[in-house]
Amino acid sequence: MAFEISLAGKTAIITGSNSGIGLGIAWELARAGADIVLNSFTDNTDDHALAAEMAKSAGVKVQYIQADMSKGDQCRHLIAQAGRCDILINNAGIQHVAPIPDFPVEKWDAIIAINMSSAFHTTAAALPMMRAAGWGRVINIASAHGLTASPFKSAYIAAKHGVVGLTKTTALETAQEPITANAICPGYVLTPIVEKQIPDTMKEYNMSREEVIEKVMLTRQPSKQFATVEQMGGTATFLCSDAAAQITGTTISVDGGWTAL
Ligand code: NAD
């Protein structure tokens, strides 16, 4: 059987998708024919322009819905407002880098809420829609830091390990239905979230920008290359295909060999 992917007639909701990996995944799913719901906490002209550009370029329906993924009720409202959710990509995330004794409590709370609890709320709201439609895909964007740890990223690593656990439970609760739940675990991808942590890491390690990239970030990535947002999009699209119908409750690393070390 030829390996084909058409997502025509499906609606994909991607949290935190006005930049970086979420946007890359949205583009790939749109090119595969899915209607798209873009999201972030902002409500700028640019956000809506992005939706219009994607709709025009890919020939699918694209809407932008503002919702703050740090708030459980807004996570659930995003799904309700979209009205349909065949593919849920839990991608919104933030980072903060500091040693545990100095880690600001409000940063801990925000990272746990946005990077982990939001996936619980959106999944809770989306599963009934997937069950009604008789098909569904939950794809959680975890991280190599959902499987391994590094110093100074306590909240992020706790949240991403939590997301991997939530993925497994989601898979078990849907195992006998045409619904799958998996986590993609990227290594370093050069997006705004990575750009923003370079200055703090420079401070923690007393290094230059180039040294942080080479000696801290890519030192863990044996390929010595950043992964790309297009590769994340391709992996998510594969997980939506029939070929992946029996892949559930697992993690797929796209990390240049990081977790093989
Ligand atoms: P990014 O900063 O480009 O994207 C983060 C997205 O989340 C943005 O669209 C932002 O607007 C959105 N967001 C932030 N706070 C939000 C909130 N309160 N409500 C709604 N949206 C919110 O970074 P990215 O690298 O594209 O990160 C996307 C995901 O990939 C994150 O979960 C991140 O942890 C994960 N990840 C990234 C890397 C990497 O190297 N870039 C590696 C592993 C995992």
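Reader: How many cavities of 30 Å³ or more does the count come to?

Author: The model is a predicted one. Rolling a probe the size of a water molecule over the atoms shows where empty space is left. A cavity is space where a 1.4 Å probe fits but cannot get out. By this rule, with a threshold of 30 Å³ or more, the count is one cavity.

Reader: Which element gives the most residues to the lining of the largest cavity?

Author: The largest cavity has a volume of about 50 Å³, and its lining includes Asn90, Ile114, Asn140 and Lys160. Two or more lining residues come from each of α4 (105-133), β5 (136-141) and α5 (154-173). With four residues, the element that gives the most is α4.

Reader: How many residues in the lining of the largest cavity are charged?

Author: Among the lining residues are Ala92, Ser118, Ala119, Ile141, Lys160 and Val163. By class, the lining has five nonpolar and five polar residues. The number of charged residues in this lining is one.

Reader: How many disulfides does the structure hold?

Author: A disulfide requires two cysteine sulfur atoms within 2.5 Å. For Cys75, the nearest cysteine sulfur is that of Cys85, 13 Å away, and Cys75 is in no disulfide. Cys240 is likewise in no disulfide, with the sulfur of Cys85 the nearest at 10 Å. For the structure, the number of disulfides is zero.

Reader: Is Cys240 buried or exposed?

Author: Buried means under 20% relative accessible area. Cys75, with a relative accessible area of 0%, is buried. Because the relative accessible area of Cys240 is 3%, Cys240 is classed as buried.

Note on methods:
Residues are numbered from 1 along each chain as its sequence is written. This is a predicted model: local features need pLDDT of at least 70, side-chain atom pairs count only at pLDDT 80 or more; totals for chains, interfaces and linings use all residues. Side-chain values use heavy atoms; hydrogens and water are left out. Buried means under 20% relative accessible area, exposed over 50%, partly exposed in between (1.4 Å probe, protein chains only). On a 1 Å grid over the protein atoms alone, a cavity is a set of points where a 1.4 Å probe fits but cannot get out, and a pocket is an open set with protein on both sides within 12 Å along at least five of seven lines; lining residues have an atom within 4 Å of a point. Grid points are joined across faces, edges and corners, and a volume is the space filled by probe spheres set on the points. Ala, Val, Leu, Ile, Met, Phe, Trp, Tyr, Cys and Pro count as nonpolar, Asp, Glu, Lys and Arg as charged, and the others, Gly among them, as polar.
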